[in-house]
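Biologist: Please put the model on screen. I have a few things to go through.

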Amino acid sequence: MKILISNQSELPIYAQIKEQIKEQILNGQIQEGTELPSIRKLAKELGVSVITTTRAYNDLEEEGFITSMQGKGSMVLSKENELLKEKYLLRIEDGMEIAVETAKRIGMKEEELVDLLHKLWEE
Amino acid sequence: MFVLPQHIGKVERNKTNKRREDRVHASTFMAICAVTGMDINMELLEVKGLTKRYKEFLLDDVTFSLPKGYIMGYVGQNGAGKTTTINCINQICNADGGTVYVNGRRYKENPIGYKEEIGFIGDESYFPKEMKISDVRSVQKTFYKSFQEGAFNEMVSRFQLPEKRRISEFSRGMKVKLMFAVALSRDTKLLILDEATNGLDPVIRSEVLKILQDYISDGERSILFSTHMLEDLEQIADYIVFIDQGKIIINEAKDDLLESYILIKGDKAELTPELRSRLIGIEKKEFGFEALIKSDEARYVPKGFVINNPSIDKIMIHLIRNRMEER
């Protein structure tokens, strides 16, 4: 896991932590079932307040990325989790939207785009 | 679900977070405590209605509480009442009114136990200058039951404090480290810092911040950190209590405080009466003005203004300016 905090960022620190963990879960750098460092350990390592890391984890939990285990740390939820599935779908949709828009802009036909998709899929 | 003390019925501490179904009602929480045998008293330091009268100064009904496992920044201008508050907590001065609980008990109930739970680090070394490390060691052994010599020796070598030299020959950084070594070699629950990081170089200051985060890492101990080096607090403080002229002005989670204001800069000519009424602590300069505005009133800021997230410094400066104008 990698978290880099910027003091110049527009985003508050808790949101930076949340977004970076989220991104790494979605792109597979943090696998399901991974145990995340405890709130207090993370705060210490990052040099931020405990409330800040608590809030980041609370948000991640509400959004269905992680679950906290009584007396233990937090764990990354399985991809089968409904909330998380939705997030993956959304991500795919976003990517496709860009592809479709760009294709339309240069006058590409639907079949051509689908062909391209097939090729990419095979790779 | 994370059950933390600030979740208990204190919704206002998280106003920026829209979904708050994870709030725990105090009654539910008590039930959890009863079942799991958890310690119900989650406040490590409770200051209630603390009042102290001097000829030209009044510490006026100071009330705040610090839950277990957190760091609270106690900020304010010189002479605002920070040290008076701390002296009352430390029982160095007698308050005219109010009560202080440390880990659930008052000084009167058990003076020795109360003092044993507090570690104090001030801005000046409180050891006689002629002493050496060995003298400090034997004094501590005599005065405190809970003094752990091994832990003390370990810290002396970790901080590379010279055993043979007198304290009068110590640098400012060494003196502060010695105070930390002394305070941390007892089994305390509350660490009180009064301007302890002033005048330290950035390397030692960052070491100190690590030590502080270590101290609270088991979730059982807390720190009251009085300072005007606000950038230190910006990083590690969980709560900010702001005192001005003996009165508490702000008592909030740091993240919420930072998010509740926006710092704007703009042209003086654009200061309409409507905008002016919403601005806090307007500072007029030759080429423009700077002021705070509540985040939820950001829509009243016209386009073309420079908008920034304020630091704790800036929030303090403009709030004090605002209070001076109101007087």
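Biologist: Is D232(B) buried or exposed?
Modeller: D232(B) is buried, at 3% relative accessible area. Buried means under 20%, exposed over 50% and partly exposed in between, with a 1.4 Å probe and protein chains only.
Modeller: Before we go on, this is a predicted model, where local features need pLDDT of at least 70 and side-chain atom pairs count only at pLDDT 80 or more, while totals for chains, interfaces and linings use all residues. Residues are numbered from 1 along each chain as its sequence is written, chains are lettered from A and ligands numbered from 1 in the order written, and side-chain values use heavy atoms, leaving out hydrogens and water.

Biologist: Which residue forms a salt bridge with D232(B)?
Modeller: R205(B), with the closest N and O atoms 3.3 Å apart. A salt bridge here is a side-chain nitrogen of Lys or Arg within 4 Å of a carboxyl oxygen of Asp or Glu. R205(B) sits in helix α7 of chain B and D232(B) in helix α8, 27 residues apart. Helices are DSSP runs (H or I, at least four residues), as are strands (E, at least two), numbered from the N terminus. R205(B) is buried too, at 13%.

Biologist: What about R55(A)?
Modeller: R55(A) pairs with D256(B), closest N and O atoms 3.6 Å apart. That pair crosses between chains, from helix α3 of chain A to helix α9 of chain B. Both R55(A) and D256(B) are buried.

Biologist: And which residue does D60(B) pair with?
Modeller: K247(B), at 2.8 Å between the closest N and O atoms. D60(B) is in strand β2 and K247(B) in strand β9 of chain B, so the bridge ties together parts 187 residues apart in sequence. D60(B) is partly exposed at 24%, and K247(B) is partly exposed at 40%.

Biologist: Change of topic. How many residues are in the largest nonpolar core?
Modeller: 104, and those with the most contacts inside it include L191(B) and F180(B). Such a core is a set of buried Ala, Val, Leu, Ile, Met, Phe, Trp, Tyr and Cys residues joined through side-chain atoms within 4.5 Å. Helix α6 of chain B gives the largest share, 9 residues.

Biologist: What does L191(B) touch?
Modeller: Leaving out residues up to four places away in sequence, its contacts (heavy atoms within 4.5 Å) include F180(B), L212(B) and Y215(B).
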